[in-house]
Amino acid sequence: MRNRNLALMTSLLLLSLPAMADVTYTYTGNDFTDALAPYTTTESITGSFTVASPLGDNYPYQQIAPLSFSFSDGVQTITNLNATLPPPFFDFATDLNGNITTWSIFIGNASGDFIETNNLLNDNGLFGIDIGGDVVGIGINESNPGSWTTPPPSPTPEPSTFTLL
């Protein structure tokens, strides 16, 4: 009987813990302003990356290691499963509400395809650029970065039933 009560209490405790979920950020770039075939000016950089928890408010500019990612430039898609050269890098900073404000992403593969998007501070303020390229062509959007969809904040967990017992 004692083991049964202990098992029941342990189960209630585990059920009362808040669930942790992965967080996905999504980027939507603006159309390329310059393009060399196979790219066109109707294509753009789009993509997303997933992390174990939100970047947070006032996140300082630094490199992260996403759990997974997938970005497309309209001609190719590069993901965590096929990105090889150079090693992918993802750098981010957020504002006081956790919205991505500064970023730099560069991913490529062994075929020479690459995707880059960034919005970085320079002497003239923020400067953004989206570039997609392969061994034949390139698409570029300069000084008109896209935007990030930031996941809504997680709800504050309610007190568990177990703590009320």
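**Close-up views of a predicted model**

View 1. The model is predicted. Leu36 lies in strand S2. Setting aside residues up to four places away in sequence, Leu36 touches Val136, Gly137 and Ile138. Leu36 and Val136 are 100 residues apart along the chain, yet their C-alpha atoms are separated by 8.1 Å.

**View 2. The seven-stranded open sheet that includes S2.** The strand order is S2-S11-S10-S9-S8-S7-S4. Pairing is antiparallel. Which strands stand at the edges? They are S2 (34-36) and S4 (62-64). Each has a single partner strand, so one side of each is left without a neighbour in the sheet. On average, neighbouring strands of this sheet are turned by 20° against each other, direction ignored.

**View 3. The S10 and S11 pair.** Strand S10 covers residues 125-133, and strand S11 covers residues 138-142. Five bridges join them in the antiparallel sense. One of the residues to look for is Ile131, whose bridge partner in S11 is Ile140.

**View 4. The five-stranded open sheet.** Here the order is S6-S5-S3-S1-S12, again with antiparallel pairing. The edges belong to S6 (77-79) and S12 (147-149). Each of these has a single partner strand, so one side of each lacks a neighbour in the sheet. Neighbouring strands of this sheet are turned by 15° against each other on average, direction ignored.

**View 5. The S1 and S3 pair.** Strand S1 (residues 23-28) runs antiparallel to strand S3 (residues 46-51), and the two pair over six bridges. Thr24 has Thr50 as its bridge partner in S3.

**View 6. The largest nonpolar core.** This core holds 23 residues. Which of them touch the most other members? Phe49, Phe71, Phe90, Phe92 and Trp148 do. At least two core residues come from each of S1, S3, S5 (68-72), S7 (89-94) and S8 (100-108). S8 gives the most, with four residues.

**View 7. The surroundings of Phe49.** Phe49 is one of the core residues that touch the most other members. Neighbours within four places in sequence are left aside here. Phe49 is in contact with Phe90, Phe92 and Trp148, among others. Its contacts also include Val23, Thr24 and Tyr25. Further contacts are Leu55, Ile64, Pro66, Ser68, Phe69 and Ile100.

Note on methods:
Residues numbered from 1 in each chain as written. Predicted model: local features only at pLDDT ≥ 70, side-chain atom pairs only at ≥ 80, totals over all residues. Heavy atoms only, no water. Pairing = 2+ DSSP bridges. Axes fitted to C-alpha atoms, helices over the stretch in contact; angles between N-to-C directions. Core = buried A, V, L, I, M, F, W, Y, C linked by side-chain atoms within 4.5 Å. Buried < 20%, exposed > 50% of the residue type's maximum accessible area, 1.4 Å probe, protein only. Contact = heavy atoms within 4.5 Å.
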